[in-house]
Amino acid sequence: MPKPTDPVLLNIGFGSTVVADRVIAIVAPNSAPMKRLKDEAREQHRLIDATYGRRTRSIIVLDSNHIVLSAVQAETISQRYAQLRESGGDGAAPPEAEARDA
């Protein structure tokens, strides 16, 4: 169990994590506004690409105005986030869940 001062990490796939308390939104990348958001973040050097060369399946907006790209479905990350909020756990997902979302 993490200490109260330890940040709780949210698993966003393939060994990458973000601090759960900094997450503002988890969205699908399909719409034009989300594509614009990603392009603007890239131009302003606020984009963090955690896809490891895979297709982008979710966009995570952080309170620092950074945008994180993940190859895991937005629904899956949202479920992990909800589980963290309920249990205060470590955000780890079973390996088979990560393989399914790849």
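This is a predicted model: local features need pLDDT of at least 70, side-chain atom pairs count only at pLDDT 80 or more; totals for chains, interfaces and linings use all residues.
1. Start at threonine 56. Setting aside residues up to four places away in sequence, threonine 56 touches Pro29, Thr51, Leu69 and Ser70. This residue sits in the loop between strand E4 (47-50) and E5.

2. Asparagine 30 counts as exposed, because its relative accessibility is 59%. Along the sequence, asparagine 30 and threonine 56 are 26 residues apart. In space, their C-alpha atoms are 9.4 Å apart.

3. Now the overall layout. The chain has three helices and six strands. Read from the N terminus on, the order of elements is β-β-β-α-β-β-β-α-α. The chain is 102 residues long, and 39% of them count as buried. It exposes about 6100 Å², of which carbon and sulfur atoms supply 52%.

4. A word on contacts across the sequence. Take the contacts in the chain between residues at least 6 apart in sequence: 53% of these join residues at least 24 apart. A student can look for such pairs in the model.

5. Asparagine 11 is buried, because its relative accessible area is 11%.

6. Next, the largest nonpolar core. It has 15 residues, and those that touch the most other members are Leu10, Ile12, Val23, Ile26, Ile60, Val68 and Ile77. Which elements give two or more residues to this core? They are strand E1 (9-13), strand E3 (23-27), strand E5 (58-62) and helix H2 (74-87). H2 gives the most, with three residues. As background, nonpolar side chains tend to be buried together in soluble globular proteins.

7. What does isoleucine 60 touch, not counting residues up to four places away in sequence? The list is Ile12, Val23, Ala25, Ile26, His66, Ile67, Val68, Ser70 and Ile77. There is also a second, separate core of seven residues, whose members include Met34, Leu47, Ile59 and Leu69.

8. Helix H1 (residues 32-43) has 12 residues. From its first C-alpha to its last, H1 reaches 16 Å, close to the 16 Å expected at 1.5 Å a residue. Just after H1 comes histidine 45, which takes a positive phi of about 60°.

9. Within helix H1, look at arginine 42. Arginine 42 is partly exposed, because its relative accessible area is 43%, which falls between the 20% and 50% limits. Neighbours within four places in sequence aside, arginine 42 is in contact with Leu47 and Leu69. Leu47 and Leu69 are also among the residues of the second core. Arginine 42 and isoleucine 67 lie 25 residues apart in sequence, with 8.6 Å between their C-alpha atoms.

10. Two loop residues have backbone angles to check. Phenylalanine 14 is in the loop between E1 and strand E2 (16-19). Its phi is positive, at about 55°, although phenylalanine 14 is not a glycine. Tyrosine 52 is in the loop between E4 and E5. Tyrosine 52 likewise has a positive phi of about 55° and is not a glycine. Tyrosine 52 is exposed, because its relative accessible area is 54%.

11. Last, the rings. How many aromatic pairs does a search of the whole structure find? The search finds zero. Phenylalanine 14 does have a charged residue at its ring, however: arginine 54 lies over the face of phenylalanine 14, at 4.0 Å from the ring centre.

Technical notes:
Residues are numbered from 1 along each chain as its sequence is written. Side-chain values use heavy atoms; hydrogens and water are left out. A nonpolar core is a set of buried Ala, Val, Leu, Ile, Met, Phe, Trp, Tyr and Cys residues joined through side-chain atoms within 4.5 Å. Buried means under 20% relative accessible area, exposed over 50%, partly exposed in between (1.4 Å probe, protein chains only). Helices (H or I, at least four residues) and strands (E, at least two) are DSSP runs, numbered from the N terminus. Contact means heavy atoms within 4.5 Å. Rings of Phe, Tyr and Trp (its six-membered ring) pair if their centres lie within 6.5 Å; planes under 30 degrees apart count as stacked, over 60 as edge-to-face and the rest as tilted. A charge sits over a ring if NZ of Lys or CZ of Arg is within 6 Å of the ring centre and within 35 degrees of the ring normal. The expected span of a helix is 1.5 Å times one less than its number of residues. Accessible areas come from the Shrake-Rupley method with a 1.4 Å probe; for residues, only the protein chains shown count as cover.
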